[in-house]
Amino acid sequence: MTSSAAPAGPQRQTLIADAAVALIAERGLRGLTHRAVDEAAGLPAGSTSNLARTRAALLELAITRIAELESPAYAAPVRAPTAEHARELLAQLAADAVHQALTVGRTLTVARFELALEATRRPELRVVYDRLGAGFLGLAVTLLTQCDSRTPEADARRLVRWADGVLFNVTAGSGAGRVPGPAELGAEVTRYLAALLDG
């Protein structure tokens with residue numbers, strides 16, 4: 001179905017990108033076509049092709065949109081008064097981010113995993129995809145430095161691996177069907193941070 005007053009410019013780009021992300025999560029990459037995006041977005045035929053002429057451009061548009069939606073939470077500078085406060089803040093932020101990604105952000109998470117696999121086969125998408133992890137990684141480095149980590153960059157990468165592992169396990173792995181609550185995630189990441197920082 002097409003809309004009688006189709007949006008233009010940035011609004012149309014956002015509409016198309018959101019429709020592409022939703023289609024990837026719902027149907028997988030095989031279900032992502034320019035025509036399907038037009039239909040899902042309620043736009044005239046050819047709208048998506050005019051914006052993203054190739055499939056690679058459409059995939060890049062979807063990846064960029066996910067990055068835009070996930071990054072604001074990690075953009076603000078954070079300063080904790082003590083190392084202990086920094087550890088508590090990091091545990092809370094990590095637990096909240098993972099829980100959000102498993103619940104209200106589940107569509108983005110599923111689409112991101114689909115695109116991650118595609119990026120392993122399309123080097124041109126790798127750089128764009130890697131932007132997704134940059135925001136949280138940077139925040140983790142900042143807070144781990146405030147936690148007096150001896151190796152904040154390495155510890156941040158380990159923490160991101162923990163988060164990605166939980167997300168995959170609950171979204172598509174053996175833990176699918178049971179979403180851990182914020183308190184459980186908070187306790188788990190607190191134990192993990194203790195292993196990183198006190199070991």
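# Close-up views of a predicted model

**View 1. Helix H6 and its buried residues.** The buried residues of H6 are Leu108, Thr109, Val110, Ala111, Arg112, Phe113, Leu115, Ala116, Glu118 and Ala119. Buried means under 20% relative accessible area, exposed means over 50%, and partly exposed lies in between (1.4 Å probe, protein chains only). Helices (H or I, at least four residues) are DSSP runs, numbered from the N terminus. The end C-alpha atoms of H6 are 24 Å apart, which agrees with the 22 Å that its 16 residues should span at 1.5 Å a residue. The expected span of a helix is 1.5 Å times one less than its number of residues. This is a predicted model, in which local features need pLDDT of at least 70 and side-chain atom pairs count only at pLDDT 80 or more, while totals for chains, interfaces and linings use all residues. Residues are numbered from 1 along each chain as its sequence is written, and side-chain values use heavy atoms, with hydrogens and water left out.

**View 2. The aromatic pair of Phe113 and Phe168.** The structure holds 1 aromatic pair. The ring centres of Phe113 and Phe168 are 5.6 Å apart and the ring planes stand at 85°, so the pair is edge-to-face. Rings of Phe, Tyr and Trp (its six-membered ring) pair if their centres lie within 6.5 Å; planes under 30 degrees apart count as stacked, over 60 as edge-to-face and the rest as tilted. The pair links distant parts of the chain, with Phe113 in helix H6 (residues 106–121) and Phe168 in helix H8 (residues 152–171), 55 residues apart. Phe113 counts as buried at 18% relative accessibility, whereas Phe168 is partly exposed, with a relative accessible area of 46%.

View 3. Arg112 lies over the face of Phe113, at 5.9 Å from the ring centre. A charge sits over a ring if NZ of Lys or CZ of Arg is within 6 Å of the ring centre and within 35 degrees of the ring normal. The side chain of Arg112 also meets that of Glu70 in a salt bridge (3.5 Å, N to O). This pair links distant parts of the chain: Glu70 is in helix H4 (residues 55–70) and Arg112 in helix H6, 42 residues apart. A salt bridge is a side-chain nitrogen of Lys or Arg within 4 Å of a carboxyl oxygen of Asp or Glu. Both partners are buried: Glu70 has a relative accessible area of 18%, and Arg112 has one of 9%.

**View 4. Further salt bridges.** The structure holds 11 salt bridges. Side chains of opposite charge can pair when their charged atoms come close. Glu118, Arg121, Arg122 and Glu124 are linked in a network of salt bridges. Arg122 counts as partly exposed at 21% relative accessibility, and Glu124 counts as partly exposed at 44%. Another salt bridge joins the side chains of Asp130 and Arg126 (3.2 Å, N to O). Asp130 and Arg126 both lie in helix H7, 4 residues apart, about one turn of the helix. Asp130 is partly exposed, with a relative accessible area of 43%, and Arg126 counts as partly exposed at 28%.

**View 5. Asp148 and helix H8.** Asp148 lies in the loop between helix H7 (123–146) and H8. Phi of Asp148 is near 65°, a positive value in a residue other than glycine. Most residues other than glycine have a negative phi. Asp148 counts as exposed at 59% relative accessibility. In H8, the end C-alpha atoms are 28 Å apart, which agrees with the 28 Å that 20 residues should span at 1.5 Å a residue. Among the buried residues of H8 are Pro152, Leu159, Trp162, Val166 and Thr171.

View 6. Helix H9 (residues 182–198) has 17 residues and reaches 23 Å from its first C-alpha to its last, close to the expected 24 Å. The buried residues of H9 are Leu185, Gly186, Val189, Leu193, Leu196 and Leu197. They cover an arc of only 95° around the axis, which puts them on the same side of H9. The arc is that of the directions from the helix axis to the C-beta atoms. On the other side of H9, Ala183, Arg191, Ala195 and Asp198 are exposed.

Terms used. Helix = DSSP H or I, 4+ residues; strand = E, 2+ residues; numbered from the N terminus.
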